[in-house]
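Me: I am new to this structure. Please show me how to read its main features, one at a time.

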Amino acid sequence: MSGDQDQSRALLAAIVQNSDDAIISKNLDGIINTWNEGAERIFGYTPDEIVGKPITTLIPPELQEQEVEILARLRRGERLVHFETIRVSKDGRQIPVSLTISPIKDNQGRVIGASKIARDITERKLAEKNLADAREQLGSYAMNLERMIQERTQTLKKTVDELEAFSYSLSHDMRAPLRSIQSFVEIVLGDCGEKIGTEGTILLQRAINAAQRMDVLISDLLTFTRLSRAPVTIKLVDMEKLIRGIIRERAEFQEPHADIKLEPPLAPVQGNETSLTQCITNLLDNAVKFVAPGVAPRVRIYSERRDDGVRVWFEDNGIGIDADARPRLFQMFQRAHSESYPGTGIGLAIVRKAVERMNGEVGVEPGKGQGSRFWFELPPVSS
Amino acid sequence: MKTERCVLMAEDDPNDVFLMERAFSEAGVRNPLCRVCDGQEAIEYLGGEGKFSARDKFPFPAVLLLDLKMPRKNGMDVLRWLRGTEGLRCLPVVMFSSSAHPSDIEEAYQLGVNAFVVKPAGIAQRLEFARIVKSFWLAFNELPLISAEGLAAALKAAQHHEAAK
């Protein structure tokens, strides 16, 4: 029996002795009783050098009071688990450790000492510090990046602003010489028409027409640039009232020139009246213009409630749009038809810009049978 | 006398001046068309400064045709000065611009302009404009600053009104 007990005691002793962690026992006066291989490796003292010395040898001067508190808790029978602190090795190095200190009791249950396991957490501490450093670096990179993005966005905004101001200014200023060209040619035609003769008159008239076309182009460009730059206030718009007003403004949109009808009810939308007026006027201008010769333009306007908005349809009986022209239709200077139908190629770009500024979308479908069905979709009025 | 008052044109582009003179002549406007080249000159003319103090050569106008974009003080500057000047602020002003920028229009009207017109590109439109100026501003409209007694009475009434406040 005692042989077995000796064997298991020897086994336990070996486990303690060979452990990687420091396993130290002390009495209640804090004097070191046992010292394993792990302790020797971590703290540098051989058992001869340290057994019988106080445990405070291992504690750095500024932390000496810790031992008083530890002993107090041990006497109460408390255990300290994974208590992270600093200890000092034989050669004066400070070692970050994780301590687990348990009271040792005799057969009667009285606390006679303590067993202390110290794990060297230097590597873990280093890893933690590296992680914290990396996080901080990442944070400062992120902040730097944010700042750079903000600066670049500001610069970009400024450049776009300058370009738009330039474009607007140039367009505006180009009108003055154009006025002169058109007017002076008109004067020559008026004053010297007979001397110039019919041929010359035709040529000069073509010059005048060209100047007029250029002025319309400039006017469209100005409208487009203005739409891009002006602040847009969104509010509730009564579509029926707006469209009826637009039709009333222009003789070309009324009988007998055109048959343009609303199919009520037209749902109200969230939009901007000025932009919508521009948009609808351009769409109706197109519908009225692009018809086969001799055909009276006919447009039906109706609205459709959809999941994320209100879609307003403009269905016409015009000459339609080729499938391959449809993708680029709303871009600048795209003209889907030949010179037989005058236009600047900016009209639909203006429609698109106006709708975009109101957070909407625009598109076109082929008509049922003939013609086209243009639509724009705007956010609904929130109820 | 109405016909002694000129129409003053503040315009830096000589082509626009030439074309407007032609239109006025074709419309049969009898008032002379006077011209200044920029905003600063316009202010000096209206204020009667320097050479412009000779009112027999440089009469105070019946109406001012004011270009918006000019060097040395633009149309808005002239308008602001004019509306702020005692005795002159009542002069009817028609502002001209190459384009109808909404903020320009609103600013001009806020400053007290009487009309805002986009410069006509062709001679037909310009002639129409000249005819309208002739028949409305110079014929139908009763011009201010004509009668010395009327002006004195008006200024006195204004003073009373101020004092009564």
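**Interface and sheets**

Reply: Chain B and chain A bury about 1600 Å² between them, and 50% of that area is on carbon and sulfur atoms. Buried area is the accessible area (1.4 Å probe) that two parts lose on being put together, summed over both. This is a predicted model: local features need pLDDT of at least 70, side-chain atom pairs count only at pLDDT 80 or more, and totals for chains, interfaces and linings use all residues. Residues are numbered from 1 along each chain as its sequence is written, chains are lettered from A and ligands numbered from 1 in the order in which they are written, and side-chain values use heavy atoms, with hydrogens and water left out.

Me: How many residues does each chain bring to the contact?

Reply: Contact means heavy atoms within 4.5 Å. Chain B brings 21 residues and chain A brings 17 residues.

Me: How many salt bridges are counted between chain B and chain A?

Reply: A salt bridge is a side-chain nitrogen of Lys or Arg within 4 Å of a carboxyl oxygen of Asp or Glu. The count here is 3 salt bridges. One salt bridge joins the side chains of R179(A) and D16(B), at 2.9 Å from N to O.

Me: Which helices of chain B each supply at least two residues to the side that touches chain A?

Reply: Helices (H or I, at least four residues) and strands (E, at least two) are DSSP runs, numbered from the N terminus. In chain B, α1 (14-27) and α5 (123-140) each supply at least two residues of that side. α1(B) gives the most, with 5 residues.

Me: Now the sheets. What is the strand order in the open sheet with antiparallel pairing?

Reply: Two strands pair if DSSP finds at least two bridges between them. This open sheet of 5 strands in chain A runs β2-β1-β5-β4-β3. Its edge strands are β2 (32-35) and β3 (80-88) of chain A, each pairing on one side only. Neighbouring strands are turned by 30 degrees against each other on average, direction ignored. Axes are lines fitted to C-alpha atoms, for helices over the stretch in contact, and angles run from 0 to 180 degrees between N-to-C directions.

Me: What packs on that sheet?

Reply: Helix α4 (residues 65-75) of chain A does, touching β1 (22-27), β3, β4 and β5 of chain A. Its direction makes about 155 degrees with that of β3(A). Helix α5 (residues 122-229) of chain A lies across β3, β4 and β5 of chain A, at about 130 degrees to β4(A).

Me: How many bridges join β4 and β5 of chain A?

Reply: Strands β4 (residues 94-105) and β5 (residues 111-120) of chain A pair in the antiparallel sense over 9 bridges. I101(A) stands opposite K116(A) in β5(A).

Me: Which strands stand at the edges of the open sheet with mixed pairing?

Reply: That sheet of 5 strands in chain A has the order β7-β9-β10-β12-β11. β7 (259-262) and β11 (361-366) of chain A each have a single partner strand, so one side of each is left without a neighbour in the sheet.

Me: What do β11(A) and β12(A) form?

Reply: They form a hairpin with 5 residues between them. In the turn, G369(A) has a positive phi of about 95 degrees. β11(A) and β12 (residues 372-378) of chain A pair in the antiparallel sense over 6 bridges.
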